[in-house]
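Please read it alongside the sequence and the coordinates.

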Amino acid sequence: MSTTVSSEELRSQVFAMWRSMLPDRPDVTIEEFRAGYDRMFRDFPIDPGASITEVDAGGVRSLLVQIGGPDPERYVVYFHGGGLMCGNPEGVRGTAALLARAADAAVLVPDYRLAPEHAYPAAIDDALAATRWLLASRGVDPSRLAVLGDSAGGALAALCALRLGAEGPGAPAALVGWSPWLDWTVSGATVETKAAVDPIASGPSLLMSAAAYLQGHDAADPAVSALFADLAELPPTLLEVGSEEVLLDDSVRFAARAEAAGVEVTLEVADGLPHVYQYFASFLAEGQASIDRTGSFIVKHTA
C-alpha cells in the first residue's frame with residue numbers, strides 16, 4: 001500500500017526539522033549550536049554521480065563538487081550559511097551537488113573561518129581568497145563565474161561580488177542569494193512581523209551572531225552589510241527567499257535598492273516556506289524548483 005504525503009505535510013516536516021536543530025532553552029552554547037546544525041545535515045542524500053574533492057583554495061580548505069567531466073562550462077562559488085558561527089562544506093555537499101547538476105557547473109564550497117574564534121573580516125577575507133584562487137588556478141574568466149550564498153553566506157556572496165568588481169579581477173557574471181542576510185544591523189521589518197512563524201532565526205539570534213562576528217565593528221558598515229553598499233556594479237542578481245522568515249525584508253529591500261541602481265534583479269518569494277528551504281530539496285518540490293531556477297539563471301548569465 002502506498003501512502004501519499006501532502007505538500008502541506010512536507011512543508012510542516014521542514015519547519016519541524018529546523019525547530020529540532022537546537023535544544024529548547026535560552027542558554028544554548030556555541031558548541032551545542034554547531035553540533036545541532038551539523039546533525040541536521042548528516043543524513044541529507046548526495047547525488048551518487050557527484051565527484052567531491054578537497055582542495056586548498058588559496059589557503060582556504062574547500063570542497064570542489066562536480067557532476068560529469070573535468071572541464072566544466074562554468075563555476076560557482078557557494079558560501080554556506082550558519083550565522084558565520086557554524087556550518088561547513090560537508091554539510092552542504094548534497095545541496096552543492098544538486099546545484100552543480102542544475103547549473104552544469106563545478107561548485108567550490110570554501111570552509112571559511114568561523115566566529116567567535118575568528119572575527120570580522122576573517123570570513124570575507126577567506127571568501128575572496130578562495131574565489132580569486134579559483135579564477136587564477138583554473139584560468140576562469142569572471143564571465144564564467146557565479147557566486148551564491150545561503151543565509152549568512154549570502155552576505156559573503158554579495159560582498160564578494162562587489163569587491164571582485166571594485167578590486168579585481170572583475171565582477172562575477174551572476175549573484176544568487178538564498179534567504180540571504182544582507183543587513184547586519186537587523187533592522188528589517190520582518191524581524192518582528194515574522195518572529196512568530198520563523199522556525200529557526202529571530203532578532204535575538206541574529207544579533208548574537210552579529211556580535212560574535214563583528215566584535216565591536218560597525219554593523220552598518222557597507223563592507224559588512226551589503227544592503228548599505230553602492231550596488232550599481234552588481235551583476236544580474238537572483239534572490240530566493242521564503243515568506244515565513246525574519247530575513248524576508250533583507251531581500252525585499254536589497255532587490256529594491258539594486259533595481260533602483262540599475263541592476264537586473266529577480267526576487268522570488270516562496271509562499272509558506274521558511275529559511276533556506278533549498279536544503280530540503282530531496283523531498284520538497286519547491287526546494288528543487290528553486291535550485292532548478294538558480295541553475296537556469298546561472299547558465300543564462302554565464303553562457
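Asp150 sits in strand β5 (residues 145-150); strands (E, at least two residues) and helices (H or I, at least four) are DSSP runs, numbered from the N terminus. This is a predicted model, in which local features need pLDDT of at least 70 and side-chain atom pairs count only at pLDDT 80 or more, while totals for chains, interfaces and linings use all residues. Residues are numbered from 1 along each chain as its sequence is written, and side-chain values use heavy atoms, with hydrogens and water left out.

**Asp150**
- Asp150 has 0% relative accessibility and therefore counts as buried (under 20% relative accessible area; exposed is over 50%, partly exposed in between; 1.4 Å probe, protein chains only).
- Not counting residues up to four places away in sequence, Asp150 touches Tyr78, Phe79, His80, Gly81, Trp178, Val276 and Tyr279, where contact means heavy atoms within 4.5 Å.
- The side chains of Asp150 and Tyr78 make a polar contact at 2.7 Å (a pair of N or O atoms within 3.5 Å; within protein, one must be able to donate a hydrogen and the other to accept it, and residues adjacent in sequence count only if both atoms are side-chain atoms).
- Ser209 is 59 residues from Asp150 along the chain, and their C-alpha atoms are separated by 15 Å.

**Arg11**
- Arg11 belongs to helix α1 (residues 7-19).
- With a relative accessible area of 17%, Arg11 is buried.
- Leaving aside neighbours within four places in sequence, Arg11 is in contact with Asp271, Gly272, Leu273, Leu284 and Glu286.

**Helices α3 and α9**
- The axes of α3 (residues 93-103) and α9 (residues 285-302) come within 8 Å and cross at roughly 45°; axes are lines fitted to C-alpha atoms, for helices over the stretch in contact, and angles run from 0 to 180 degrees between N-to-C directions.
- α3 and α9 are therefore oblique to each other (under 35 degrees is roughly parallel, over 145 roughly antiparallel, 65 to 115 roughly perpendicular, the rest oblique).
- Thr95, Leu98, Leu99, Ala102 and Ala103 of α3 meet residues of α9 including Gln288, Ile291 and Asp292.

**Helices α4 and α5**
- α4 (residues 122-137) and α5 (residues 152-167) have axes that come within 10 Å and cross at roughly 60°.
- This makes α4 oblique to α5.
- On the α4 side the contact residues include Ala123, Ile124 and Arg132, and on the α5 side they include Leu156, Cys160 and Glu167.
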